[in-house]
Amino acid sequence: MSKQTYKVGFFFRRQFTMAAAEAPADIKNIFNRYSDECGVMSVEKLHHFLIEVQKEKNASLEDAQIIINNHGDPKHTGLHLDAFFKSLFSDINPPIDPKLGIHHDMTAPLSHYYIYTGHNSYLTGNQLSSDCSVVPIIQALQRGVRVIELDIWPNSDKDDIDVLHGRTLTAPVALVKCLRSIKEHAFSASEYPVVITLEDHLTPDLQEKVAEMITQTFGDMLFAPSECLKELPSPESLKKRVLISTKPPKEYLLSKEVKEKDDLKKDAEQHNVDEGEDDEDDEGDSKSEKSATSEYKRLIAIHAGKGKGGLSDWLRVDPNKVRRLSLSEQELERAVDTRGKEIIRFTQQNLLRIYPKGIRVDSSNYDPLVGWMHGAQMVAFNMQGYGRSLWLMHGMFRANGGCGYVKKPDLLLRAGSNNEVFNPTTNFPVKTTLKVTLYMGDGWDKDFDQTHFDTYSPPDFYAKVGVAGVPADEVKNKTKTMDDNWIPSWDEQFEFPLTVPELALLRIKVLDYNLSDKDEFAGQTCLHVAELRQGIRAVPLYDRKGEKYSSVKLLMRFEFI
C-alpha cells in the first residue's frame, strides 16, 4: 500500500468513525424519558436514572453531580444526549463496582475460599525447555496470585538448591532468588496470605539449608504453627503472612551398604514423585530424620499428602488434622464420576489442589470449573498458558476486589437434609435469568493499526457471548457480523437462565470475520455474574494475555429478571 493510499484510508476511517458514533435507540429513549423539553438531563433526573435504570440504590445527588461535572456543559447544569452517552461509555462506568472492593467475609477458614493458584510458577514458557526465572513469579504476584509453586532440586554440585522442572531441559534459577522475589512482591496486589507449595526433591542436609533460607528470608512474615493444624486459619488472620505447604520429610536409605561396626542406618533423604504428589503420608519419623530435618518440618504450615490407600482413603476427613491433597486434572475427572460428593465434603475442611496433566508441555490449561464446582480451592494454572481457560481464571479472580481469595458459595460449604451435599450435575430450578444487551463496541481504531484486521477495509466484527458454569447453565451465543465497521452496532439481546448463578461466569469474545482465513481475535473479557452491576455499563476488553486494552470497550446492559 502506498503512503498516499494509507492516508486516504485513514481519512475515510476517521470520517466513518465520526459519522457512526451515534447512541443506540435504547439509550436515546432512556435519555428522552429522563430529560426536559430542552433536551437536558438535570442532576435530579440523572439521580433518578442512576437509581431506577442503573439500580444504584445508594446513589446520591452528589454522585450525579460528579458525572455532570465530568461530562456536562461548562456551567455543570446538566447533560445533553452526547454527554450522557459519553458518560455511559466512559471508564467511570465499569460492569463491576470499583467501590465494592473486598466485600466477602474473610474470617472463615482458608478451605472456604477459592485461592488464585499458579502451577510451576517459575517457568517462562513451555514445560520442557523454557527458562526458569523470578520474572513470572513477580508477574503472578502483581496480578494477585496467592499460591506460588516451586520445584526444588539439588544444584549440579549437590551443595545448593535450584528451582527447575525436573528431568527436563529447563534452565534453573536459584531458590534464594525466588524466595527474595516473593518476599519483595508478595503483597503488592493483595494483603492476604501467600502460600508457597514446594515440590521437594532434596536430601535432608539440603532441606535443612532450605529451612535456613526460608527463615532468614521471611522472618516474622512466616506462619509456622507449633503443631499440625486442626482447622485452617482465616485469610484475615493471616494478612501479610507467608505459609509453606509440602509433604513432611520422608526417609529413604542413601546407601544399601551398612558397615558391620555401625548398626545405625545412613541419613535419610526425602523422595517425592515429581508433579503427582502420589506417595504415601508418613506415619512416623526416624530419629535420623528428626535430627536432620526437624527445622524444615517445623516450617510446614499446611501438610500435603495422599495417604496409603486409594481414592477413598485420600478423601478421608480427619477431624484432628487438616491437610492438602493434590490431584491431576485427569484424576479429578475420574474421581468426580464416582466420588463427587466425597470430594465436596473433603474440601469443606481440607484443601484440594488440582494441577495440569503432564502432557500439557505447551503450558496450556484445563477447564477450572470442574474443580470449582467440587469445592477445589487451589486450581493450579500455568499463568503463561493464554486462552479460554486462563481467561475464566482471570474472570473468577477479578471478584472480591482482586485480592486473590473468593469465598466459595454456601452451597459448597454446608450439608443439606440427610447430610446431602451439592451435586453440580443436578438439574436445579432456575434461580434468576441474566438478560444481556450488547449495544455496540468502540476503541479498536485507537488500539490497533489501520491494517491490523483487513488491509483495505474496516474490520467485520462479531461477538460471542456465553455463560460458563454448572452443566445446566453452560450456553454460547453469537451476534451478527457487522461488515466494514470500526464501531460495530449489534444491538442484540440474550437471556441466560441460571440455576447456580453463584458459579456462573459471563464470557465475551470479539472477533473479526475472515472469509478465507481464521477469524482474527479482537478482545475478550470474563465477568463473575455474582459481581455484575445491573444497568448500562462500559465493559473493557482484554488482550490474549489478559492485559486491558487502553480504549476498546463494549456498551452493554445487564438485568436480572
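E420 is partly exposed, with 36% relative accessible area (buried means under 20% relative accessible area, exposed over 50%, and partly exposed in between, for a 1.4 Å probe and protein chains only). The structure is a predicted model, in which local features need pLDDT of at least 70 and side-chain atom pairs count only at pLDDT 80 or more, while totals for chains, interfaces and linings use all residues. Residues are numbered from 1 along each chain as its sequence is written, and side-chain values use heavy atoms, with hydrogens and water left out.

E420 takes part in a salt bridge with K341, in which the closest N and O atoms are 2.6 Å apart (a salt bridge is a side-chain nitrogen of Lys or Arg within 4 Å of a carboxyl oxygen of Asp or Glu). This pair links distant parts of the chain, since K341 lies in helix 11 and E420 in the loop between strand 14 (405–407) and strand 15 (432–442), 79 residues apart. Helices (H or I, at least four residues) and strands (E, at least two) are DSSP runs, numbered from the N terminus. K341 has a relative accessibility of 31% and therefore counts as partly exposed.

In the whole structure, the search finds 22 salt bridges. One of them joins the side chains of R557 and D26, with an N to O distance of 3.6 Å. R557 belongs to strand 22 (residues 548–560) and D26 to helix 2 (residues 25–34), so this pair ties together parts that are 531 residues apart in sequence. The two partners fall into separate accessibility classes: R557 is buried, at 14% relative accessible area, whereas D26 is partly exposed, at 26%. Salt bridges that share partners also join D26, R557 and E559 into one network.

A further salt bridge is formed by E149 and R353, whose closest N and O atoms are 2.8 Å apart. E149 lies in strand 5 (residues 147–154) and R353 in strand 12 (residues 351–355), so the pair ties together parts that are 204 residues apart in sequence. Both E149 and R353 are buried.

A patch is made of residues with over 30% relative accessible area and no salt bridge, with like charges joined within 9 Å and nonpolar side chains (Val, Leu, Ile, Met, Phe, Trp, Tyr) within 5 Å. Lys and Arg count as positive and Asp and Glu as negative, while His and the chain ends are not counted. The place of a charge is taken as NZ of Lys, CZ of Arg, CG of Asp or CD of Glu. Accessible areas come from the Shrake-Rupley method with a 1.4 Å probe, and for residues only the protein chains shown count as cover.

E333, D337, D367 and E474 form a negative surface patch. Among them, D337 is placed in helix 11 (residues 329–347) and counts as exposed because its relative accessibility is 65%. A patch of positive charge on the surface brings together R388, K464, K476 and K478. K478 sits in strand 17 (residues 475–478) and is exposed, with a relative accessible area of 52%.

C132 is in no disulfide, and the nearest cysteine sulfur, that of C178, is 8.1 Å away. C178 is likewise in no disulfide, its nearest cysteine sulfur being that of C132. C132 counts as buried at 8% relative accessibility, and C178 counts as buried at 0%.

Backbone angles were also examined. Most residues other than glycine have a negative phi. K55, which is not a glycine, has a positive phi of about 60 degrees. K55 is located in the loop between helix 3 (43–52) and helix 4 (61–71) and is partly exposed, at 44% relative accessible area. N120, also not a glycine, has a positive phi of about 45 degrees. N120 is in the loop between strand 4 (117–118) and helix 6 (135–143), and its relative accessibility of 0% makes N120 buried.

Finally, E184 is found in helix 7 (residues 175–185) and is exposed, with 62% relative accessibility. E184 and I138 are 46 residues apart in sequence, while their C-alpha atoms are 8.7 Å apart in space.

Note on methods. Disulfide = S-S within 2.5 Å.
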